[in-house]
Amino acid sequence: MSKERGGSLIFLAVGIYGLVFSIGLPLGRWNEPGPAVFPLALSILLCASGIFWFIQGKGKEEKKESAGLGGFVQKYKTPLRIVGLTAAFILALEPLGYLLASTLYIFVLFFWVSRYRVWIAVVLAVTFGPGSWLFFDKLLATQLPQGILPF
Amino acid sequence: MDVLNNLLLGFQTALTFKNIYLCFIGCLWGTVVGVLPGIGPLAGIALLIPATFGMDATGAIIMLAGIYYGAMYGGSTTSILMNIPGESASVVTCIDGYQMTRKGRGGAALFIAAWGSWVGGTLSIVGLMFLAPTLANFAVKFGPPEMFSVLLIAFILLGSLGKGSFFKTLPMIFLGLLIGTIGMDPLTGTMRFTHGIKDLYDGIGFIPVAMGAFGIGEILSSTEESLIRTVYKIKLRELLPNREELRASWGPIFRGTGLGFLIGLLPGSAHVLSSFVSYTLEKRLAKRPEEFGTGRIEGVAGPETANNAASESAMIPFLGLGIPTGPAPAVMMIALLIHGIRPGPLFISEQPQVFWGLIASMYIGNVILLILNLPLVGIFVNLLRVPFRILFPIILLICLVGTYSVNSSVIELVILLVFGVLGYIFRKLEYDVAPFILALIIGPTIEIAFRQSLMRSAGSFSIFFKSPISCTLIVLSCLLFFWNIYRAVRPKKEWEKALEEGE
């Protein structure tokens, strides 16, 4: 798929979402425009942009470097790993607490994504996980979740 | 006289130990993010926003502004010494700067880049000092129709001067404006696109969106390329330029200052555009233009001066009108909003110590940066030896904890990740993320201005043409819109192709 068509699909999807959910909002009148006017107009413009770029993208198909899901995963494995790990960190943050979740998160990032040896990843995780907790929680007095730990 | 008195007040604010320290930290961090490819000034500012929560607004803006203009100084270092632009505005500096390094004149190129940056930056602050209050006084008289037309032309200019084509920027602006409508409608109290999620009632948070789209998005792009960066050995020979180089650089420095100052007032990637325009101008004015690209000092002096001048003058519409013209001022605006201060026409009169403290700190910051970037340049170059595979997990963690600390909300972390992925996808698809963020921030203002105008006129669109300011700006917006259509269909000029490639 060409870059133009890739972008057009995002604009179309958001535009259609906007259209669907702004139709239920009050439109008001010209002398008192309602809360639907702006989002509705923008959704229509987004859909129009999506259609425009979809047509523009015709004939600009990119060369296929690798086929199938396996090729896609291989090509984008580092960003995919980071996104997956970050999602796991977000889910674990409140149940586990910041100190534990951040140390584990940093460890897996150093070990699995940055490809450091286990002991180096452990040292880095133990330095930066609790280090960031001390800096933010204790020094800057930021409210961070405690989770299962008593502190 | 009024300006001098106010500047004195500014120096009284800026010359406290705490504010000098914050200015130094901002400049130091700015130089670091400028030197390190993969972390731009935006991510640099966004990362330090959580650290400003315990500060007053003056200290916060002094530090964040230091990061912004500090990154412009630092960006030239890797361009000159390693042929890697540390910051997008320094792309053009690679052309002649790196060739000078290969000829053994890298030290002189660094000196001229820092000197030009200082001259451009300092003269631009003088302009900022006089122009911003004048603009603010003028804008105080603005009603909703004028505000709407100013924002309309700002968006059209953003589309015209941003990265990529006008028609590629427009949907990004629409997207930002649409996402800006999420939350409670300020005029009627109706909930829009909240789906019962309480965290969205006040609207979508700027911090998770900006940090996601710029910080996480930038990291995902950088890690995809390579986690292990090759660091070349650098030999810094003579730092002082010779007489011929000094003589040749004066003209480009002063032309770059004027050019950068004017371009900085326009919305879009002004600092990138200013460096390209300055390079093209110097090449046109040169007696032997064919020597450009082989290591001419004018090719370093002009663009480096212009991008610094542009970054300082970009603060004029941001502080005077409350319209951030670029992504970095937009992120600074978010920081000020968090501190309960809204930049705009009333900002300078209501918060003189913040505005004049910032102005004074910029003079101090430029001197700090000159010191940091000349004798200490070797230390910053050594920073490149820290592997990116160590840096990125730490940056990710700071982004996450920074976002969480604003409202202690996990939903905001989800927003951060979603917009991080979106930012990354848009980078891959070659769409500029900056207009999206700007539209998100300015969106609610333009919507209110539009609706209030129609309410005042009982639904008549003639209100937009009754005031001379509004009428002129709307006519100009229409002309600009049609000019962009013409520009899209006509064949591209050589410098336009070069600018697109550089971006």
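In chain A, 36% of the 151 residues are buried. This is a predicted model, and the account below starts with chain A and then turns to chain B.

The secondary structure of chain A consists of six helices and two strands. Going along the sequence, these elements come in the order α-β-β-α-α-α-α-α. The radius of gyration of chain A is 23 Å, while the globule rule gives 15 Å for 151 residues, so chain A is more spread out than a compact globule. The rule used for that comparison is 2.2 Å times the number of residues to the power 0.38. The C-alpha trace of chain A spans about 60 × 50 × 20 Å along its principal axes.

The domain assignment divides chain A into domain 1, covering 3-59, and domain 2, covering 70-139. How far apart do the C-alpha centres of domain 1 and domain 2 of chain A lie? The distance between them is 38 Å. Of the contacts in chain A with a separation of 6 or more, 59% are between residues 24 or more positions apart.

Chain B can be read in a similar way. Its secondary structure comes to 23 helices and two strands. For its 503 residues, a compact globule would have a radius of gyration near 23 Å, and the value for chain B is 22 Å, which agrees. The C-alpha trace of chain B spans about 70 × 50 × 45 Å along its principal axes.

Burial in chain B reaches 60% of the 503 residues. A residue counts as buried if 20 or more other C-beta atoms lie within 10 Å of its own. Among the contacts in chain B with a separation of 6 or more, 80% join residues 24 or more positions apart.

Helix α18 of chain B runs over residues 388-407, which makes 20 residues.

Is α18(B) mostly covered or mostly uncovered? The helix α18(B) is mostly covered, with 14 of its 20 residues buried. Just after α18(B) comes B:Ser408, which takes a positive phi of about 50°.

Terms used
Residues are numbered from 1 along each chain as its sequence is written. Chains are lettered from A and ligands numbered from 1 in the order in which they are written. This is a predicted model: local features need pLDDT of at least 70, side-chain atom pairs count only at pLDDT 80 or more; totals for chains, interfaces and linings use all residues. Helices (H or I, at least four residues) and strands (E, at least two) are DSSP runs, numbered from the N terminus. A residue is buried if 20 or more other C-beta atoms lie within 10 Å of its own, exposed if 12 or fewer, and partly exposed in between; C-beta atoms are placed from the backbone. Two residues are in contact if their C-beta atoms, placed from the backbone, lie within 7 Å. The expected span of a helix is 1.5 Å times one less than its number of residues. Domain bounds come from an automatic or database domain assignment.
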